[in-house]
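Hi there,

Here is the structure I promised to pass along. Have a look at it first, and then read on for my notes.

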2 protein chains.
Amino acid sequence: MKRITIKDIAKTLGYSIGTVSKALADSHEISEVTKVEIQKFADENGYQYNQYAKLLRTGKTNIIGMIVPKIGNSFFSQILEGIEEKMSKTVYNLIIMQSYDDPVRELNLLETLFKKGADAIIIAPTGNCISLDYLRKLKKDGIPVVLIDRINYAISTHKIGIDNFRAVYQGISHLISMGCMDILFISSMAKGVVEERRRGYLQCLNDSGIQINYENLLSIDVEKNGENSREELIKYFAQRIQENILPDAIFTASDQLTYQVLEVLHALNIEVPKIIALLGFANFTFSNLFSPPLSCIVQPSKEMGSKAFALIEEILDKPDRQESSSFEDIKLPVKMEIRQSTN
Amino acid sequence: MKRITIKDIAKTLGYSIGTVSKALADSHEISEVTKVEIQKFADENGYQYNQYAKLLRTGKTNIIGMIVPKIGNSFFSQILEGIEEKMSKTVYNLIIMQSYDDPVRELNLLETLFKKGADAIIIAPTGNCISLDYLRKLKKDGIPVVLIDRINYAISTHKIGIDNFRAVYQGISHLISMGCMDILFISSMAKGVVEERRRGYLQCLNDSGIQINYENLLSIDVEKNGENSREELIKYFAQRIQENILPDAIFTASDQLTYQVLEVLHALNIEVPKIIALLGFANFTFSNLFSPPLSCIVQPSKEMGSKAFALIEEILDKPDRQESSSFEDIKLPVKMEIRQSTN
DNA sequence: ATTTAATATGCAATCGATTGTGTAAAGAAC
DNA sequence: GTTCTTTACACAATCGATTGCATATTAAAT
């Protein structure tokens, strides 16, 4: 019924608590005979050390905190999948939290994670992130911080993401190669990653000798339920239709936007790709089932997760750890899947 | 840098450790003046109690363990979303694990959760679940167990799901009302929920006076990466095409199957719904983007998550808790979204 | 003024481990 | 035979809290 402790073993076998502890740790201070006896007994009686008693001495909680905008978003749930896959075999525990892309909430969550004693933190920070100072403090306190997906270069810490500039550059290249000249770039308001993606767009147009039309940079405020952003998109395209100046292609800079834009185009009977070609980031496994089958840029989400955990594990398992001065900046390759929506 | 402890407060303010502890717990044993002094000091210096020291005394870990087949599956990540939303404001922590629908792995994970001292467990058990005995043991040990989605009536514990019989019954009714007579029912091998869904299918055919053809009950083994199941489906339909005996409708009894079947039908150029109508469980937000827009049965995933957590919170927060003899059996309503794929 | 009760605080055991120090007993060295 | 090591274990402090009991001080009751 109740779990057996080191004390129980000591009492039953007639050793001191310390001896049992050392025997189980396979210490050289204990004779082979005794070690075998104790270890065998522990095994047979299903002894499991109490990790909380242990951490009270050692100070390690083995908790890794993670903050993402929204778990239900398949991109982030795939990251999660990658983390869990590696982590379930280790002593570490993951605590997941959702920021809903709300900077204030994000800061609160970080404080909560600190209170809970997280040994390390993985975060996909919100765009206009006000938590940077707090993240720096955490780092100074010896808590490794890993940025994932939403890389922010204003803070020097570990980063795992993709080459956003290049990914978008390639995407736009593809659209251009398909004959598109008037490409609408839709992104969220957020800074950081979005900036990079926008640069990729601009640079590619430039390099291709296409005149840049700054009205083709559309920012949409994507929030929790997505109702407003849909309306915004509907209004935008309705007006464009009226003015009869639809672009010939759209690049969407995030998963949610990609789906939403496709939905809005359907709703307004704008044929894809006949009237407008569509390409964007999307991490849904069955993008080929869409109407039309969706061309998309797929991020190695699961790998990002497993890499993030591997990195943290490596850092935490180092014996004499101190605030490192060198930080990883991992950029994983994306995959561009070309289908009907850009044909 | 380091976190301040109760001991630091005691030393600085000249009280004993016990007094500080009681003051912070707002005990009546401590005078108002002292309490205010201590609490104020604690506040100003950012004191945070060490939950692990606390739990060592109290025995409560505040950890809730959760096992789902796969986090990346949008249905489960939505459940997760619902849980996190409620939980982030509480003292509880969630540990998530993936069983990949592997009964052996599931049992291991349960043991791990027990070792980690989970105070409660939420689980969507695998079909041919060998963990039932272990779950019963956990229950006896005073660890509340909540089954979610995959309800198994062989164990008496809390359950949160849908009325699978009715959901499928309605779905099949709809197919019949659209004129379908030869309906293929595709499910995984798993028992339990699948059984109920199958009963819904059979009963509905019966009630509609349609002759049951048991060859229309197809079981597919859906595993980790889904490669095999795709091949299996391809082979199945290829043969059916050859024999020229395609059904006029398909009902798929799980998210993954729904997407996969749709994909396979595309691959084999079987037009939906012209040749075969398709209806199934699916919890992807943008099912209307599919080709054709997918008719589906949507489960209240987020609500299932929040209900599960609410239930657990209620149980754990009860002061003098003992193994309850009455268990909740919550059935939430599903939503049937009718679109092109069954038209 | 003396006993009693209430109040406020200190003390110490406890949760389940880890780990440095202390100390018998046995064996080796001279 | 005395001294020095080595071996194998016990002892006790410690991590950061909680909590029942002891105790000192003050207030209330008689």
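Below is what I found where the two chains meet. Please keep in mind that this is a predicted model.

Let's start with the extent of the contact. Chain A brings 51 residues into contact with 51 residues of chain B. Between them, the two chains bury about 4600 Å², and carbon and sulfur atoms give 59% of that area. On the chain A side, the most area is lost to chain B by A:Tyr52, A:Glu84 and A:Leu289, which together account for 15% of what that side buries.

Next, the polar side of things. There are 4 salt bridges between chain A and chain B. In one of these, the side chain of A:Arg105 meets that of B:Glu84, at 3.8 Å from N to O. The count of residue pairs in polar contact between the chains is 19.

Which parts of chain A each supply at least two residues to the side that touches chain B? They are helix H4 (51-58), helix H5 (74-87), strand S2 (93-98), helix H6 (103-115) and helix H11 (255-267). By type, the residues on that side of chain A comprise 23 nonpolar, 16 polar and 12 charged.

Best wishes

Conventions
Residues are numbered from 1 along each chain as its sequence is written. Chains are lettered from A and ligands numbered from 1 in the order in which they are written. This is a predicted model: local features need pLDDT of at least 70, side-chain atom pairs count only at pLDDT 80 or more; totals for chains, interfaces and linings use all residues. Side-chain values use heavy atoms; hydrogens and water are left out. Contact means heavy atoms within 4.5 Å. Buried area is the accessible area (1.4 Å probe) that two parts lose on being put together, summed over both. A polar contact is a pair of N or O atoms within 3.5 Å; within protein, one must be able to donate a hydrogen and the other to accept it, and residues adjacent in sequence count only if both atoms are side-chain atoms. Helices (H or I, at least four residues) and strands (E, at least two) are DSSP runs, numbered from the N terminus. Ala, Val, Leu, Ile, Met, Phe, Trp, Tyr, Cys and Pro count as nonpolar, Asp, Glu, Lys and Arg as charged, and the others, Gly among them, as polar.
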